[in-house]
Amino acid sequence: MPPHPSVHGLSSEEAARRLARDGANRLPSGRRRTMVHIILDVLREPMLSLLLVGGLAYLMLGSSVEALVLLCFACLSIVLTIVQEARTERALEALRDMAAPRAMVLRDGTPRRIAGWEVVPEDILVVEQGDRVVADAMLLNASELESDESLLTGESLPVRKRTLQPGDSVTAPPGGDDMPLIYAGTLITRGRGIARVVLTGPRTQMGRIGQALAALDTEAPRLRTEIHGIVRVAAIGAILMVGLVTLLFGLLRGSWLEAVLAGIALGMALLPEEFPVVLTVFLTMGAWRLARAGVLTRQAMAIEALGAATILCVDKTGTLTENRMKLVGWWRPAGEWLMPSTGAKNADEVLSLALLASPAIGKDPMEIAIDDAATLSVEQGQWTLRHSFPLTPELLAMSNVWSRGIGQTLLVAAKGAPEAIAALCDLAPAERSAMEAAMQMMTARGGRVLGIAEAQVPDERLPGTQGELPFRFKGLVALADPLRPDVPAAIAECRAAGVRTVMMTGDHPGTAMAIARDAGLDAGEPVTGAEIERLDDAALVARLRETSVCARIMPVQKLRIVEALKAAGEVVAMTGDGVNDAPALKAAHIGIAMGQRGTDVAREAAALVLLNDNFPAIVAAIRLGRREYANLRKAIAFIISVHMPIAGLALLPLLTGTPILFGPIHIALFELIIDPVCTLVFESEASDEAAMTRPPRSPEMRLVSWDMVVRSLLQGGIVLGLLATLAITLPHDGWSGGAVRVTVFLLLVAGILALVVADRAGRNGLIPTLRRGNRAFRFVLLGIALVLTTILTMTDLRTILAFDRPGPSQWLVVLAGGLALVLLLPATNRAWPRAGR
């Protein structure tokens, strides 16, 4: 296309001045995180800081074993977190680099291709099929121009463009046919055009969405806040208890050295270093498990939040559907709709004419779909294209003229809007009524319908316009953006899990309802954008309870829907791929972006990214979120219960006057068992089979409830009661201090394992829990057996720990007590009114 006669473009000097004045044509982006930034961010994390400070504190107190263990866990957690976040940043960087747009502009009167960020207002853009538009611009000249604006509007089909006319607005929003504007981020799917840049960077339609993102405040993760509170309260309580015990022990017993040792032992028993370890490991391992399923985790806390999601808001185009057109049927006059065969091209006169009416190499989604589904005969494949009549705003139809050989009659194949084809064919009222009935049948199913016609004229009598050709109506062709085949099963699983799916789209209500029916949504009467404008937030929430389909809505309305649902107490997960989805993605409790089709803006706004655009991966993420939260509660319940007997035994000498049973080194050995148990064992616990058949947990449900605390203290108290009884009574039966200490030590190890079994079991019972495999638990058991064997067989180690070699009497007490705890503790879960963590 030659440039417009009055268009010469900017000079290089003027373009440079405008670039300096208006800034680069790019959206404000978040800080690109280098490895140094990632490491510093991780080290500033309060929970990891607590681990490091706690380890140093233990080191200063002289407990080097415990300090080493704690610091090793801290370093491991830091390394795992850094590796995960570095992988996330690398993956996002690769996604950013997938498409770096460039632009053809007129500079100094000549065409020049430049980087998209160099484009300035008043630049002259030359766009053609396949180009990504880099700025908002008004069309000075357009030839058969169509643009895919789905990333901004959600419309699945390209829209026609026309040349700017006097009186046209240059700030109109995207969407709809026959508009004189093209927008940054959209794709030219047909034709060519020349446009003058109006807006660049953050001032474009896409940039305004970015500004809306900047204005949104994301909520602080509730789980992290709660864990911080638990750690803070427990740490303060531990410090107060250590000071009180040290003071009382010294005053009452007179031995300040023993008082300091007792205080250190109690502090080690009470200090809640496992809480941050557990949370860090659980979230890191959860992110790793999601990555294996093709889900990139940008915000680890979103994994836990997914387990509480009550509503999943999804964008139709590219999320539920494949974002491509597909032939779904064709119709002949006086006949019925015919369906295409699967896996093979279809030979039919209507489809052959539709293919002949299309360009030889087309990029329009509907033409690609026709080319994929239809085939020509051998004879038709040898015809020669003589002439083409383009589609115009006045006549929404196009035709190709084919020569079938020298002296042969020309064949003209036409396709276009059914109304335009009916006008070309001068259909009788009855024929038009039959066509309209067939068309309505397919549009009700979400199809886009084209009319097909044919004309034959002598070679020498080809007219100058389509309207002069003797067309005969041949039928209709229907195309649609197909539903992803795995979506219905995924939505059904969400429904079984109590998660309601709400579809949001800019498409026509009829198209949206067709997709909703195919996907298995509980549709109801769709709510439209115009209706949303008339409703206040309360009425909108009430309306959304009646329907699962929102059609003809604008991006700002998606954000309003998410905010209204959140205000109504719902936990909202939002999926999307376009720029128009980004504000809602950021505002939702859990934003989920598509990685392949998704835009960089959407990916940056989301907490999770589906790398393979696999919609069922969302269901897997919800299942994992529920598993992680349930296992995290089990781990925390175990931590609360296991500290009860350890702390109680540290206090026992003060309360009863008996000698100190366990010192810091013994507590360190218990921590060697507790730390891997509460992280690896519980994190590896398999998901409950009924996890996806229960409704989501209440958003108000706390990670640590009073019910859990009381139940955990009860179970820990049972272990403490048995151990304290033995520690007090066995010396009166003539047992030495070393024999009592080793017996209570071994029985406490058995009690720790019994607490693990109880917390794994919940209400499932002992036998099903033992049958349920947990590979990490088997490795922990093996490790405990090796450590105990080493301690009990090496004289030097027994001497350091003040242990006697256990004899038959000691082993009998340990085995009987351990068996009693394994049987009794899981039974308390079944007897507890609200058991099941």
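Reader: Let us start with Glu683. Is it buried or exposed?
Author: Glu683 counts as buried, because its relative accessibility is 3%. Please keep in mind that this is a predicted model.

Reader: Which residue does the side chain of Glu683 meet in a salt bridge?
Author: The partner is Arg289, and the distance from N to O is 2.7 Å. Arg289 belongs to helix H9 (residues 274–292) and Glu683 to helix H24 (residues 664–683), so this pair ties together parts that are 394 residues apart in sequence.

Reader: And why does Arg289 count as partly exposed?
Author: Its relative accessible area is 21%, so Arg289 falls in the partly exposed class. The cut-off for buried is under 20%.

Reader: Why would two such side chains pair at all?
Author: Opposite charges on side chains can pair when the charged atoms come close.

Reader: How many salt bridges does the structure hold?
Author: There are 27 salt bridges in the structure. Some of them share partners: Glu146, Arg190, Glu367 and Lys415 are joined into one network in this way.

Reader: Which residue forms a salt bridge with Glu14?
Author: Glu14 pairs with Arg18, and their closest N and O atoms are 2.9 Å apart. Both residues lie in helix H1, four residues apart, which is about one turn of the helix.

Reader: Are Glu14 and Arg18 buried or partly exposed?
Author: Glu14 counts as partly exposed because its relative accessibility is 21%. Arg18, with a relative accessible area of 16%, is buried.

Reader: What about Arg196? Which residue is its salt-bridge partner?
Author: Arg196 forms a salt bridge with Glu122, where the closest N and O atoms are 3.5 Å apart. This pair links distant parts of the chain, as the two residues are 74 residues apart. Arg196 is in strand S7 (residues 187–199), while Glu122 is in the loop between strand S2 (110–115) and strand S3 (124–128). Arg196 counts as partly exposed at 23% relative accessibility, and Glu122 counts as partly exposed at 31%.

Reader: Back to helix H1, please. Where is Asp22 placed?
Author: Asp22 is in helix H1, which covers residues 12–22. It counts as partly exposed, because its relative accessibility is 23%.

Reader: What does Asp22 touch?
Author: If its neighbours within four places in sequence are left aside, Asp22 is in contact with Pro121 and Arg203. Pro121 is 99 residues from Asp22 in sequence, yet the two C-alpha atoms are 8.3 Å apart in space.

Reader: A change of topic: which strand holds Glu454, and is the residue buried or exposed?
Author: Glu454 lies in strand S15, residues 448–457. Its relative accessibility is 6%, and therefore Glu454 counts as buried.

Reader: Which side chain makes a polar contact with that of Glu454?
Author: The side chain of Arg472 does, at 2.7 Å. Not counting residues up to four places away in sequence, Glu454 also touches others, including Glu349, Leu353, Val412 and Phe471.

Reader: Now the largest nonpolar core. Which of its residues touch the most other members?
Author: Among the 70 residues of that core, they are Phe638, Leu649, Phe662, Phe670, Phe745 and Leu748. Several helices supply at least two residues each, including H9, H23, H24 and helix H25 (706–729). The largest share, 17 residues, comes from H26.

Reader: What does Phe638 touch?
Author: Leaving out residues up to four places away in sequence, Phe638 touches Ile674, Val677, Cys678, Phe682, Ile752, Leu755, Val756 and Asp759.

Conventions. Residues numbered from 1 in each chain as written. Predicted model: local features only at pLDDT ≥ 70, side-chain atom pairs only at ≥ 80, totals over all residues. Heavy atoms only, no water. Buried < 20%, exposed > 50% of the residue type's maximum accessible area, 1.4 Å probe, protein only. Contact = heavy atoms within 4.5 Å. Polar contact = N/O pair within 3.5 Å; in protein donor to acceptor, adjacent residues only side chain to side chain. Salt bridge = Lys/Arg side-chain N within 4 Å of Asp/Glu carboxyl O. Core = buried A, V, L, I, M, F, W, Y, C linked by side-chain atoms within 4.5 Å.
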